[in-house]
Amino acid sequence: MNRPKCCIFDLDGVIVDTVPAHFIAWKTIAAELGVPFSEAENEQLKGVSRTSSMKRILAMGGIKMEEEEVLTFTNKKNEVYRKIISKMTPHDILPGVVDFITLLKENNVLLALGTSSKNGPSILKAVGMEDVFDVAIDGTHVSHSKPDPEVFLLGAKALNVNPADCVVFEDAISGVQAALAGGMKCIGVGQPDILYQAHAVIPDMKNLDLTIFEKL
Ligand code: B16
Ligand code: MG
């Protein structure tokens with residue numbers, strides 16, 4: 001494709017490196033529940049909302065739990081997570097992100113954020129990116145978590161762009177699936193063997209230019 005009208009960026013794992021913080025926080029909860037939890041299990045939770053992630057951990061352990069208790073655990077996970085990320089600064093923006101976003105802006109490509117995270121707004125503020133995106137859709141705006149395409153479709157709609165004219169940058173299997181389900185092109189950020197469903201996969205956000213879109 002030529003240059004897209006809009007690029008939609010995932011937050012955790014694409015713009016900022018919060019993936020280890022989510023992993024540590026979920027591992028704390030899983031350990032409390034006696035559920036084995038490694039990087040492989042964590043991979044399945046990337047991009048998935050807090051409540052859905054908790055339910056997946058319970059399913060992994062074959063545990064049944066009342067909704068009230070689920071909420072207690074998800075709140076606890078978020079406390080651990082927020083404690084880890086509380087010292088975030090602009091230095092926590094992943095390498096290459098600022099340069100690529102600047103290039104896209106210079107070329108009049110619209111920019112959207114599409115994150116499952118309810119902590120999205122506070123993270124954007126902490127890293128000084130609250131005014132960067134033309135629209136920022138986060139976990140507080142959606143009723144369906146990735147792999148449902150809602151978060152990306154809301155972004156495209158707000159900018160009045162057809163899904164086919166959007167390119168999504170995603171580090172999660174669930175996020176790649178969401179982009180595809182929404183009829184968008186997707187560039188996976190990470191490992192090709194994990195993100196093989198994406199139209200193209202890059203290892204990170206470093207040294208990107210507009211030729212990346214020729215691969216789609
Ligand atoms: P929160 P993304 C996702 O963000 C994370 O990948 C996922 O691990 C997390 O559970 C989800 O946000 C919800 O986050 O607990 O902060 O509301 O990758 O879609 O930017
Ligand atoms: Mg992500």
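Predicted model: local features only at pLDDT ≥ 70, side-chain atom pairs only at ≥ 80, totals over all residues.
Polar contacts to ligand 1 involve both side-chain and backbone atoms. An N or O atom in the side chain of Asn119 is 2.7 Å from a ligand oxygen. For Asp10, a polar side-chain atom also sits 2.7 Å from an oxygen atom of ligand 1. Gly47 contributes through its backbone: one of its backbone N or O atoms lies 2.8 Å from a ligand oxygen.

Strand E4 spans residues 166–170. The strand is mostly covered, with five of its five residues buried. Its side chains point two ways. Cys166, Val168 and Glu170 point one way, and Val167 and Phe169 point the other way. Residues on both sides are buried, Glu170 included.

E4 pairs with two strands. Strand E1, residues 6–9, runs parallel to E4 and is joined to it by four bridges. Within this pairing, Phe9 has Phe169 as its bridge partner. Strand E5, residues 185–189, is also parallel to E4, again with four bridges. Between E4 and E5 the chain passes through helix H8, residues 173–181. This β-α-β crossover is right-handed.

Note on methods:
Residues numbered from 1 in each chain as written. Chains lettered and ligands numbered in written order. Heavy atoms only, no water. Buried < 20%, exposed > 50% of the residue type's maximum accessible area, 1.4 Å probe, protein only. Pairing = 2+ DSSP bridges. Right-handed = clockwise from strand over helix to strand, strands pointing away. Polar contact = N/O pair within 3.5 Å; in protein donor to acceptor, adjacent residues only side chain to side chain.
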